[in-house]
Amino acid sequence: MPFGPRVLGLDPGSHHTGYAVVEPGSRPNDFRLLAAGTIHAPAKKPLNTRLLAIFEKLTQIIGRTSPVEMAVEGIFTYKNARTALILGHARGVALLASSLSGLEVFEYTPTSVKKALVGNGRATKEQVRAMTIQILGKPLDLGLDATDALALAITHLNTRKINAMLERCK
């Protein structure tokens with residue numbers, strides 16, 4: 001019996017936004033990857049143009065794949081305030097697209113995703129990629145942004161499963 005809905009994992013960025021749509025399979029630790037990739041905003045264009053491109057493409061992906069929930073990378077601290085602000089704009093566009101589509105949003109810090117998948121909150125992107133390949137049981141031809149989005153979706157589905165099991169134990 002599946003343990004959750006179809007989920008859109010999203011790793012937002014103002015130049016590259018990774019996405020992955022995953023649903024649970026019929027067996028524990030079985031996931032079906034339905035779509036994944038990276039939205040590339042037009043290089044060297046103004047921020048508002050890049051954000052519009054991300055919004056439009058994300059809206060198309062949501063419409064095509066029909067996720068019910070979105071797992072997005074939460075806010076974390078940046079040393080550079082400008083970088084944090086620009087990332088906040090990209091997250092805002094993603095949150096708007098999800099709200100307009102009726103998706104429920106769940107946020108996970110990068111550290112919590114790495115710890116959930118790799119067992120180490122300081123794991124590298126390459127280690128996260130290797131674990132997602134192992135979990136899905138097949139090779140993936142995805143960039144690191146898409147792999148991070150996939151890791152978010154898998155983390156969310158596993159978190160839902162654990163929470164449901166804990167709820168049944170009460």
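Predicted model: local features only at pLDDT ≥ 70, side-chain atom pairs only at ≥ 80, totals over all residues.
Reader: In what pattern do they come along the sequence?

Author: Along the sequence the pattern reads β-β-β-α-β-α-β-α-α-α.

Reader: What is the radius of gyration, and what would a compact globule have?

Author: The chain has a radius of gyration of 16 Å. For 170 residues a compact globule would be near 15 Å, so the two agree. Along the principal axes, the C-alpha atoms fill a box of roughly 50 × 35 × 35 Å.

Reader: And what share of the residues is buried?

Author: Of the 170 residues, 42% count as buried. The accessible surface of the chain is about 9,200 Å², and carbon and sulfur atoms make up 56% of that.

Reader: What share of the contacts comes from residues 24 or more positions apart?

Author: Such pairs account for 62% of the contacts with a separation of 6 or more.

Reader: Charges next. How many positive and negative side chains are there?

Author: There are 21 positive and 13 negative side chains. The centres of the two sets lie 3 Å apart.

Reader: How many salt bridges does that give?

Author: The count is five salt bridges.

Reader: What else is around glutamate 23? Which residues does it touch?

Author: Leaving out residues up to four places away in sequence, glutamate 23 touches Pro5, Arg6, Asp30, Phe31, Arg32, Leu34 and Leu157. Arg6, Glu23 and Arg32 are linked in a network of salt bridges. Glycine 4 is 19 residues from glutamate 23 in sequence, and their C-alpha atoms are 7.3 Å apart.

Reader: Moving on. Which residue meets glutamate 69 in a salt bridge?

Author: Arginine 160 does, at 2.9 Å from N to O. Glutamate 69 is in strand E4 (residues 69-73) and arginine 160 in helix H5 (residues 144-169), so this pair ties together parts 91 residues apart in sequence.

Reader: How accessible are glutamate 69 and arginine 160?

Author: Glutamate 69 is buried, with a relative accessible area of 4%. Arginine 160 is partly exposed at 28%.

Reader: And which partner does arginine 91 have?

Author: Arginine 91 meets glutamate 107 in a salt bridge, 3.1 Å from N to O. The arginine lies in helix H2 (residues 81-100) and glutamate 107 in strand E5 (residues 104-108), so the bridge ties together parts 16 residues apart in sequence.

Reader: Which buried glutamate has no salt bridge?

Author: Glutamate 73 is buried yet has no salt bridge. Its nearest side chain of opposite charge is lysine 125, 6.1 Å away. A salt bridge here needs the nitrogen within 4 Å of a carboxyl oxygen.

Reader: Where is glutamate 73, and what does it contact?

Author: Glutamate 73 is in strand E4. Neighbours within four places in sequence aside, glutamate 73 is in contact with Leu10, Asp11, Pro12, Arg91, Tyr108, Pro110 and Leu152.

Reader: Last topic, backbone. What is phi at lysine 44?

Author: Phi of lysine 44 is near 60°, a positive value in a residue other than glycine. Most residues other than glycine have a negative phi. Lysine 44 is in the loop between strand E3 (31-40) and helix H1 (47-65), and is exposed, with a relative accessible area of 85%.

Reader: And what about phi at serine 66?

Author: Serine 66 has a positive phi of about 55°, and is not a glycine. Serine 66 lies in the loop between H1 and E4 and is partly exposed at 45% relative accessible area.

Note on methods
Residues numbered from 1 in each chain as written. Heavy atoms only, no water. Helix = DSSP H or I, 4+ residues; strand = E, 2+ residues; numbered from the N terminus. Rg over C-alpha atoms; globule rule 2.2 N^0.38 Å. Buried < 20%, exposed > 50% of the residue type's maximum accessible area, 1.4 Å probe, protein only. Contact = heavy atoms within 4.5 Å. Areas by Shrake-Rupley, 256 points an atom, 1.4 Å probe, with all protein chains shown as cover. Lys, Arg positive; Asp, Glu negative; His and termini not counted. Charge placed at Lys NZ, Arg CZ, Asp CG, Glu CD.
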